Amino acid sequence: MNLLSNLPLLADADGGLFFGPANSTFAPMVDDLFDLIYWISAFFFVLIVGVMVYFVLKYYRRPGHGPQPSPTHNNTLEIAWSVLPSFLLVVFFVMGFTNYMSMRTPPDDAYEIHVQAKKWSWLFVYPNGAESSDLHIPVGRPVRFILESEDVLHNMFVPAFRTKMDCVPGRYNEIWVEAVNTTGSGINPDEHKPHDLFCAEYCGRDHSNMHAFVYVYETGDFDAWLEKAANLYEGRTMAEVGELLYKRKGCISCHSIDGTKKAGPSFKDSFGTAHKFTDGTEAVMDENYIRESIRDPRAKVVAGYQPVMPVFPSSRLSDKDITAIAEFIKSLK
Amino acid sequence: MSVGSTPDKFQAANLDGAQTREDNYLLASSGVGSWLFTLDHKRIGVMYLVGILVSFFLGGIFALILRAELFTGTKLFLTEDQYNQMFTLHGAVMTFLFIIPSIPAALGNFVLPVMLGQKDVAFPRMNLGSFYLWVVGAIFFLCAIIFGGLDTGWTFYTPYSVTTSTRVILALLGVFVLGFSSIFTGLNFIVTINTMRPHGMTWFKMPLFLWSIYATSIIQLLATPVLGITGLLLIAERALHIGIFDPEMGGDPVLFQHFFWFYSHPAVYIMILPAMGIISELIAVFSRKHIFGYRFIAYSSIAIALLGFLVWGHHMFVSGQSQLAAVVFSGLTFSVSIPSAIKVFNWLATMYKGSISLATPMCYALAFIFLFTIGGLTGLFLGALATDIQLHDTYFVVAHFHYVMMGGTLVAFVGGLYYWWPKMFGVMYNENAGRLFCLIVFLGFNLTFFPQFIMGARGMPRRYARYVEEFQIYHQLSTLGAFLLGIGMVGAIGVLLYSLYRGKKAPANPWGANTLEWMCSSPPPLANFDNPPPVGDPYDYSNLRYDEREGGYVTVPGPAKKTSSH
């Protein structure tokens with residue numbers, strides 16, 4: 001335990017005691033409102049506790065000292081301390097409300113990114129079709145997020161941007177953000193100190209592991225990253241692409257690669273071996289079997305498993321993608 | 001059953017402390033059956049107290065296991081699944097089995113009829129019934145824990161609660177039954193207060209604890225049915241797939257949140273209003289001052305009860321509800337803070353020019369003001385929309401509601417327990433030990449929850465088994481605090497239990513209070529009073545004098561002072 005060596009965090013150099021650095025256009029507004037409420041609250045807290053302690057000391061029960069007469073009510077005083085704090089509350093409400101409206105009203109020309117949350121990973125889909133499991137955005141440009149969920153409630157929370165919103169299955173929610181600082185230079189992740197992106201709505205077993213990073217680039221770097229991301233196959237082997245697709249397309253939630261039995265059979269050591277099906281037939285797992293299982297999952301269900309796998313049409317996985325996935329499975333032998 | 005009713009019997013018991021065996025409700029009859037089938041509100045209150053304290057320690061053990069696991073950001077001894085079940089059970093047990101029934105069902109049951117100078121509540125059989133409903137509800141909870149656990153969080157949010165394989169239906173049945181227990185208690189108290197106030201006790205001569213219980217009962221009666229119906233709908237959703245909450249079947253998950261919080265926000269006031277009632281009594285008695293602004297305090301209880309129904313949407317600012325709804329709920333939320341602030345100012349004004357004794361109950365009352373002020377003020381950050389977006393579902397919220405519910409309700413409950421303990425069991429506890437553990441509770445509490453405000457504002461989400469390294473220092477402080485708090489709570493209850501064996505015999509009125517429960521002997525006889533006690537201003541202490549021989553306060557004869565009640 002190294003409590004003491006960690007204590008400097010309490011007086012963080014960047015950001016205040018309570019908040020980390022502000023990295024979106026509306027973050028300073030949120031922080032200012034927080035500070036306003038904080039100082040006014042601190043004032044009232046010190047006042048209340050101060051008066052309380054003073055009274056305890058001054059009127060502490062001593063021999064020979066009884067209670068002294070004083071009024072049991074005073075309407076003027078009581079109305080005053082009911083009404084006057086209300087004005088402060090109105091100020092807090094109005095500031096909270098106006099800031100909120102600007103946080104919730106995206107500019108018309110905002111760049112759009114689709115956010116698909118599912119147990120327990122994030123998928124960000126960009127206008128050119130590129131996909132990523134971490135979030136990549138340009139600096140100084142409003143970005144609008146369209147949030148959806150495939151299963152249960154999730155919540156996209158980026159503390160550095162002071163924003164969060166639930167991802168609700170069956171409906172689209174939206175938020176927007178304009179980042180004011182980059183997280184590093186170039187498109188090499190090692191050159192960046194990315195922001196955290198948390199899931200803030202409890203969503204089951206791996207809720208606390210549903211963690212992604214936010215990379216903020218210069219405009220030129222973002223365009224370069226986007227082009228590279230859209231062209232999945234450039235600079236990667238087929239098996240590497242297959243592994244990316246395995247994670248992004250959700251295969252990972254039902255098929256392990258370490259032999260663990262999940263909703264579907266593990267991919268470990270499965271290529272080239274024979275499998276028994278529920279109808280009693282048997283076949284060796286090859287490229288054709290993989291392709292059939294993706295396009296028509298109910299055709300041959302491995303014995304001991306339920307027919308629960310969804311169909312992946314070519315709009316969700318191209319033939320080339322299937323080839324990459326087959327290469328990935330092959331590499332797991 | 002009852003003792004002979006010679007006219008001076010009450011006086012004799014009061015002054016000499018000489019009780020016959022029959023005088024004492026604890027000894028009036030013996031055997032397990034005499035407790036299990038009792039219709040005496042005092043014994044029912046004591047049985048509730050035992051059940052509630054057992055639940056509290058169960059919930060507390062869950063909390064300590066959670067905090068121990070969180071000492072580092074990575075796995076110590078709980079898997080994610082186990083962690084999720086543990087925080088769910090901590091929340092569900094503490095909320096439904098402990099904190100909602102704690103003050104009304106345990107202390108309220110014991111004190112309310114005696115405070116009214118009556119021998120029991122309006123419906124004693126219903127009272128016993130509501131205790132057994134609590135027991136049945138608790139058994140459902142235990143079954144849910146034993147047969148597969150629960151991992152939805154105490155909020156049961158859909159669609160997760162529809163899809164998880166844990167024992168949601170068992171737990172919901174428990175909540176449903178506990179709801180009826182709560183409704184019966186509320187109904188009983190409303191009827192009792194409406195119809196059984198003694199001659200001379202007008203509404204505005206009623207002790208403030210009774211006002212707060214009355215306001216609480218209104219909420220229990222009106223809000224709890226919504227929870228029951230919501231639970232049934234969720235059971236139907238899981239069992240019959242009717243498609244009301246699950247989007248897979250065309251339902252709306254946000255609808256569940258509206259239903260759930262329509263009960264569960266007012267439930268926060270079921271927890272805090274009776275606590276405020278206790279504090280009003282303690283501050284007046286231990287300052288030996290008439291409560292300041294009686295009417296404002298009484299009205300503010302009713303105002304909180306009514307406004308509490310209009311603010312549930314502030315739990316849903318990031319759920320995707322309409323922006324108009326968010327704005328309206330934010331505005332209404334701020335309005336609830338005014339009556340709470342009024343009470344705090346009135347308590348301080350009551351202490352002005354008083355004669356303040358730092359007996360253990362008063363120490364808890366002062367701790368309450370300190371902690372509840374922090375809890376209330378941090379609510380302002382959550383009521384304001386822009387700051388709530390950042391703080392929602394983080395440890396800031398965890399800290400805020402623990403400051404209100406635990407720093408508020410629990411501290412008031414323990415303070416009230418110390419205050420009424422001599423009345424309940426006829427023994428005095430050790431004052432120095434009581435104060436020592438109050439201090440440990442106070443320090444442990446702040447060390448546990450204050451760091452959570454900071455880490456929450458910096459972005460630490462709640463309900464996390466694992467976390468990034470940045471937050472570790474705050475979690476470690478919090479965990480140390482939790483164990484200190486645990487020691488304090490065990491000690492605080494231990495001091496009381498120890499007094500049962502070694503405590504000095506309690507006088508009828510050890511604190512010099514002027515509410516009616518102090519006018520019968522300690523512990524009260526089975527029928528509480530032989531003759532209806534005289535009703536006066538509950539906060540006028542001018543006719544009370546400390547009597548060395550008695551070891552407590554006695555009423556000195558004198559011209560009945562006519563004081564105004566406000």
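Two strands pair if DSSP finds at least two bridges between them. Helices (H or I, at least four residues) and strands (E, at least two) are DSSP runs, numbered from the N terminus. With that in hand, let us walk through the model.

This is a predicted model, in which local features need pLDDT of at least 70 and side-chain atom pairs count only at pLDDT 80 or more, while totals for chains, interfaces and linings use all residues. Residues are numbered from 1 along each chain as its sequence is written, chains are lettered from A in the order in which they are written, and side-chain values use heavy atoms, with hydrogens and water left out.

**Strands of chain A**

Strand 6 and strand 7 of chain A run antiparallel and are joined by five bridges. They form a hairpin with four residues between them, and A:Arg162 in the turn has a positive phi of about 60°. Strand 6 of chain A also pairs with strand 9 of chain A, again in the antiparallel sense, over two bridges. A:Met156 has a bridge partner in each: A:Met165 in strand 7 of chain A and A:Cys199 in strand 9 of chain A. Strand 9 of chain A is in turn joined to strand 10 of chain A, antiparallel, by three bridges, and A:His195 stands opposite A:Val214 there.

| Strands of chain A | Bridges | Sense |
|---|---|---|
| strand 6 and strand 7 | five bridges | antiparallel |
| strand 6 and strand 9 | two bridges | antiparallel |
| strand 9 and strand 10 | three bridges | antiparallel |

How covered are these strands? Buried here means under 20% relative accessible area, exposed over 50%, and partly exposed in between (1.4 Å probe, protein chains only). In strand 7 of chain A, five of its five residues are buried. In strand 9 of chain A, A:His195, A:Leu197 and A:Cys199 point one way and A:Asp196 and A:Phe198 the other way, and all are buried.

**Where the chains meet**

Counting contact as heavy atoms within 4.5 Å, 86 residues of chain A touch 94 residues of chain B. The area buried between the chains (accessible area lost on being put together, 1.4 Å probe, summed over both) is about 8000 Å², with carbon and sulfur atoms giving 68% of it. In chain A, the residues that lose the most area to chain B are A:Arg61, A:Trp81 and A:Tyr202, together 10% of what that side buries.

**Two residues in loops**

A:Arg205 lies in the loop between strand 9 and strand 10 of chain A. Why is A:Arg205 called partly exposed? Because its relative accessibility is 37%. Leaving aside neighbours within four places in sequence, A:Arg205 is in contact with A:Trp120 and, across in chain B, with B:Glu80, B:Asp81, B:Asn84 and B:Tyr160.

B:Thr155 sits in the loop between helix 5 (124–146) and helix 6 (160–163) of chain B. B:Thr155 counts as buried because its relative accessibility is 3%. Beyond its neighbours within four places in sequence, B:Thr155 is in contact with B:Phe256, B:Phe260, B:Trp261 and B:Arg463.

Key. Buried area = accessible area lost by both parts, 1.4 Å probe.
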